[in-house]
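Thanks for coming, everyone. I'll take you through one structure this morning, from the strands to the core to the charged pairs.

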Amino acid sequence: MRKYHFEQGDVIKMQSIWTHIASFPIWHYGVVVEDDQVIHFNMNVEVLAMSIIKTDMETFLGGGSQLQKCFISDIHSSYTPKEIVKRAYSVLGTDFGGYNVMTNNCEHFANWCASGEKFSNQVPFLEDGHSFGEKCIENLADNMLGKPLNFIINKLEDIVDFCDEWDL
């Protein structure tokens with residue numbers, strides 16, 4: 001019995017363990033090429049470099065969560081499932097032009113396999129000129145400090161309004 005119910009050529013994604021560090025959702029993408037086998041853009045531990053690798057589903061998950069299929073409407077697929085698998089295999093073992101979180105990541109790879117175009121729907125949040133690290137720190141600070149500080153500021157504003165009302 002199959003543990004995962006995906007078909008060859010499905011583009012899948014899972015919420016990365018980096019989500020907890022970054023404080024915003026980070027998805028890792030791949031292409032199902034066989035039962036329990038995924039081709040994805042990730043660290044190749046044999047050569048210690050980012051490349052297109054084939055792993056089993058558990059390795060793809062790598063401690064992440066929320067594994068799900070990306071639907072055709074999400075990726076504008078131009079190819080049949082068989083063609084998507086063939087495209088994924090065609091770049092297996094390569095560096096796919098070199099990894100870049102903004103312009104050439106795992107989502108770019110999976111979308112290229114399915115549509116012929118490299119694009120990512122999750123990187124626009126970085127297009128404000130901040131680096132990935134800066135964005136992580138910004139989100140952590142906002143979550144840890146921003147909400148409590150906003151609460152305090154709102155309460156101080158209430159006190160000021162009260163004092164103004166009573167001419168204190």
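One term before we start: a residue counts as buried when its relative accessible area is under 20%. And keep in mind that this is a predicted model.

Start with strand 1, residues 11–15. How many of its five residues are buried? Five of the five, so by that cut-off the strand is mostly covered. In a regular strand, side chains alternate between the two faces of the sheet. Here, both faces are covered. Val11, Lys13 and Gln15 sit on one side, Ile12 and Met14 on the other. Strand 1 runs antiparallel to strand 2, and five bridges join them. Val11 has Val31 of strand 2 as its bridge partner.

Val31 brings us to the core. The largest nonpolar core has 20 residues, and Val31 and Phe109 touch the most other members. Who supplies this core? Strand 2 (27–34), strand 3 (37–44), helix 4 (81–90) and helix 5 (106–115) each give at least two residues. Helix 5 has the largest share, with six.

Now Phe109. Leaving out residues up to four places away in sequence, Phe109 touches Val31, Ile39, His40, Phe41, Ile52, Ala88, Val91 and Phe96.

Next, helix 4. Its buried residues are Ile84, Val85, Arg87 and Ala88. What do they pack against? Strand 2, strand 3, strand 4 (49–56) and helix 5. Turned away from that buried side are the exposed residues Lys82, Lys86 and Ser90.

Last topic, charges. The whole structure has two salt bridges. In one of them, Lys69 pairs with Asp10, with the closest N and O atoms 3.4 Å apart. Lys69 is in strand 5 (residues 65–69) and Asp10 is in the segment before strand 1, so this pair ties together parts 59 residues apart in sequence. Asp10 is buried, at 9%.

Then there is Glu34 with Lys54, whose closest N and O atoms are 2.7 Å apart. Glu34 belongs to strand 2 and Lys54 to strand 4, so that pair links parts 20 residues apart in sequence. Glu34 is partly exposed, at 31%. Lys54 is partly exposed too, at 33%.

That's the tour. Over to you.

Terms used
Residues are numbered from 1 along each chain as its sequence is written. This is a predicted model: local features need pLDDT of at least 70, side-chain atom pairs count only at pLDDT 80 or more; totals for chains, interfaces and linings use all residues. Side-chain values use heavy atoms; hydrogens and water are left out. A nonpolar core is a set of buried Ala, Val, Leu, Ile, Met, Phe, Trp, Tyr and Cys residues joined through side-chain atoms within 4.5 Å. Buried means under 20% relative accessible area, exposed over 50%, partly exposed in between (1.4 Å probe, protein chains only). Helices (H or I, at least four residues) and strands (E, at least two) are DSSP runs, numbered from the N terminus. Contact means heavy atoms within 4.5 Å. Two strands pair if DSSP finds at least two bridges between them. A salt bridge is a side-chain nitrogen of Lys or Arg within 4 Å of a carboxyl oxygen of Asp or Glu.
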